[in-house]
Amino acid sequence: MNTSKNFFFFSEIISNLERTLAEGRKASNVDIQVMFQCISRCRFLVQQLIKKEGDQFYKNIVLQLEETLATQINILQAKIEQLNGKKIQVTQGSIKPWKRILLYGPPGTGKSRLAQAVSSEIKSTFYCVSSSDLVSSWVGESEKLIKELFQHATKQTGRSVVFIDEIDSICRQRSSREEEYTRRIKTELLKQMEGADTADSSDQIFLLCATNCPWELDSAFLRRFQKRIFIPLPDKEARIDLMKIHTKDNKVVMSDEDWSVLGAQTEGYSGSDLANLTLESLFCPIRELQTSKEWKQKDDQFVPCKDGEEADVKATIVEIPAHKVRPREVTLNDFLSALKTHRKTVTQDEIQKFENFTKSMGEQG
Ligand SMILES: Nc1ncnc2c1ncn2[C@@H]1O[C@H](COP(=O)(O)OP(=O)(O)OP(=O)(O)O)[C@@H](O)[C@H]1O
Ligand SMILES: [Mg+2]
């Protein structure tokens with residue numbers, strides 16, 4: 001093979017490899033990533049060498065290149081075979097993935113949101129039910145619903161995820177005084193949770209439950225959850241991030257320092273408290289529009305005057321064309337005044353209860 005043919009040959013191989021790899025490229029696959037780098041390096045070398053034909057140094061490098069490519073091709077072929085057919089056997093014997101997980105934490109920390117996010121990310125069938133969907137006022141109907149839910153999930157091809165929200169309302173501790181029919185609902189659910197463990201096909205059900213009072217759950221239910229994960233209140237960083245997410249489409253003028261002050265002031269606020277607080281703050285400038293009598297004109301639009309600012313126009317909002325009215329930007333002061341009316345909803349006592357429960361039964365999320 002002469003030199004230019006040689007180059008052509010290498011370039012062809014490299015482009016073929018790149019095409020194949022681009023199809024199966026995954027950030028998580030380290031081997032493939034490394035190979036990508038090797039191939040790009042080879043391509044670069046080939047391009048460099050095209051310019052230096054006839055050089056002894058060049059000939060040596062082409063030989064090395066040939067060797068490198070040959071090994072890379074072998075590895076690549078093996079890898080592609082592995083990816084296409086044989087799955088890597090990670091779990092063997094009695095090692096099995098977790099199948100029943102309980103999410104617990106103070107109200108408004110995003111437990112239900114988390115499950116919704118899971119449902120949109122995974123490809124498996126996702127059943128999202130609330131306890132109220134499972135409890136019927138007809139005697140015997142609830143047990144049937146629970147049984148049907150699990151049977152339906154078992155019949156699906158592939159794995160299915162069953163998410164039961166507010167599980168505490170059906171799994172409260174059993175007592176001798178309670179009605180016979182509520183005991184039967186619990187027994188059915190216990191049976192299905194356990195049954196889903198033994199039958200071969202029900203290996204496919206992944207049960208996810210959420211509650212905000214885990215200490216009220218019957219111990220038989222608690223035992224069946226292999227993992228009990230605590231979803232805590234957001235910390236300072238998370239609170240700032242959450243508020244930034246909620247305000248990303250609005251005009252907010254706040255420095256990093258302002259955010260940090262706000263982050264510190266919202267200690268103990270849950271995700272849902274923060275959502276409400278942000279909404280209230282975003283409304284402040286809009287509410288001001290109604291009372292403002294002095295306006296500053298900016299690019300043919302009217303913005304209410306700030307304190308001490310000289311007015312361009314004196315008018316009430318009804319006198320200005322609606323499409324020309326523009327609220328001012330949201331500032332730290334709006335958040336601070338909203339803080340006075342929007343207090344945190346989770347009390348210290350509740351947090352203590354969760355901490356005690358986590359110490360004895362759960363684990364940090
Ligand atoms: N991590 C989060 N990211 C974004 N928004 C959040 C987050 N956590 C809570 N929220 C906000 O709080 C609202 C309520 O969240 P969600 O219903 O998931 O809470 P929960 O933990 O299920 O509460 P509960 O225990 O009372 O059912 C959401 O609609 C969302 O606006
Ligand atoms: Mg919820």
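Colleague: Which classes of residue form the shell around ligand 1?

Modeller: Ala, Val, Leu, Ile, Met, Phe, Trp, Tyr, Cys and Pro count as nonpolar, Asp, Glu, Lys and Arg as charged, and the others, including Gly, as polar. Here the shell holds seven polar, four nonpolar and two charged residues. The model is predicted: local features require pLDDT of at least 70 and side-chain atom pairs pLDDT 80 or more, while totals for chains, interfaces and linings use all residues. Residues are numbered from 1 along each chain as its sequence is written, and chains are lettered from A and ligands numbered from 1 in the order in which they are written.

Colleague: Which helices supply at least two residues each to that shell?

Modeller: Helices (H or I, at least four residues) and strands (E, at least two) are DSSP runs, numbered from the N terminus. The two helices are H4 (111-121) and H11 (271-291).

Colleague: How do strands S6 and S7 run?

Modeller: Strands of a sheet pair through backbone hydrogen bonds, either parallel or antiparallel. Two strands pair if DSSP finds at least two bridges between them. S6 (residues 294-298) and S7 (residues 301-304) run antiparallel, joined by four bridges. Lysine 296 has valine 303 in S7 as its bridge partner, and lysine 298 stands opposite glutamine 301.

Colleague: What is the order of the open sheet?

Modeller: Its three strands follow the order S7-S6-S8, with antiparallel pairing. S7 and S8 (313-314) each have a single partner strand, so one side of each lacks a neighbour in the sheet.
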